[in-house]
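Dear colleague,

Here is the structure I said I would pass on. My notes on it follow below.

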Amino acid sequence: MRALPEWIAATVAAIDDIATDVRQIRLAPHRGFTPAPLGAHLDIAFEINGLARTRSYSVVDDSAGGWTIAVRRVADSRGGSRFMWGLKPGDTLEITAPFSHFELSPGRPDYLLIAGGIGITPFVAMAKQLAAHPSARLLYTGRSRDRMPFLDRLTQLLGARLQVFTETPLDLAAAFATLHPEGEAYVCGPPRLLADARRRWQAAGRSQALLRFETFGSGGLRDPESFTVFVRDRDVSIIVPRDASMLETLAQAGIDLAQDCLRGECGLCAVAVIGAADIDHRDVFFSERERSEGHRICACVSRAVGAITIDTGYRASLSRQAV
Ligand code: FES
């Protein structure tokens, strides 16, 4: 588990629209500027309807004493996109310095980067690093080129080793088949892409350690809707609004769960699911089998449809003994 992040004030130094519904925002920290490690993201804290929220954004540039991020406008935003698109130059935010769980492993014979939509952001700096690597490739999927930021910059860096997919589907099995056996694949994008990559990587018999994910836990297989969570060990029902996570809503009600990444990667916030529930798993922590069993849910990103009963492991009698 990483140490608790230190929050620092930062000013919105510049805002540029760089693709349809994609905005680039440069944040100038008031102190402690450091270059961002490869694959780094920073967290931004804000409030919506009086509730504290945190969202993560990859750093796409760290020049001129600031960190630049890119934010897609999301029609059904849970709050982060809506808040970020409301910012103006000169606004002040609370942010963390960039940190990375998604660093490029040095010395691999081959690299394959796979981006879906705004999942391109961690690969902007990586493409620069890999520009001189003879076989490193970037496969970039999106709905249309006008909605895909950084195409010019990536083409300059990678030339024909950048492959763009808008209408033809990305064939992950074929992409993995042409990757060196000791090569690594890095994937960032929506849950469907991550799940597909994981399935096809496994089918190809490749080492799980050589497949790396980055996720921002913001998208699911279904549109986010409010749902009711019954916390059995506290005997309480709580409504999770469509623009908040179960973890945030439980914390607001005084039920704090263990947590770290807040992006569905570490599994620390997982709680037991009691009985049947229709779960929209948005994590990359559980295996396909664990997801289909539906015994646990990552409260920081995953959602239920309708209602869910969980058990957080809290026992009042043990709690009283500890006092
Ligand atoms: S806090 Fe890491 S998966 Fe939820």
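Domain 1 and domain 3 bury about 900 Å² between them, with 42% of that on carbon and sulfur atoms; buried area here is the accessible area (1.4 Å probe) that two parts lose on being put together, summed over both. The model is predicted: local features need pLDDT of at least 70 and side-chain atom pairs count only at pLDDT 80 or more, while totals for chains, interfaces and linings use all residues. Residues are numbered from 1 along each chain as its sequence is written, and side-chain values use heavy atoms, with hydrogens and water left out.

The chain is divided into domain 1 (7-96), domain 2 (111-214) and domain 3 (227-311), with bounds from an automatic or database domain assignment. The contact (heavy atoms within 4.5 Å) between domain 1 and domain 3 takes 14 residues from domain 1 and nine residues from domain 3. The centres of these two domains, taken over C-alpha atoms, are 26 Å apart.

Four salt bridges cross the interface of domain 1 and domain 3, a salt bridge being a side-chain nitrogen of Lys or Arg within 4 Å of a carboxyl oxygen of Asp or Glu. Arg 55 and Glu 248 form a salt bridge through their side chains, at 3.3 Å from N to O. On the side of domain 1 that touches domain 3, strands E3 (41-48) and E4 (51-61) each supply at least two residues; strands are DSSP runs (E, at least two residues), numbered from the N terminus. E4 gives the largest share of that side, six residues.

Regards

Definitions and conventions
Helices (H or I, at least four residues) and strands (E, at least two) are DSSP runs, numbered from the N terminus.
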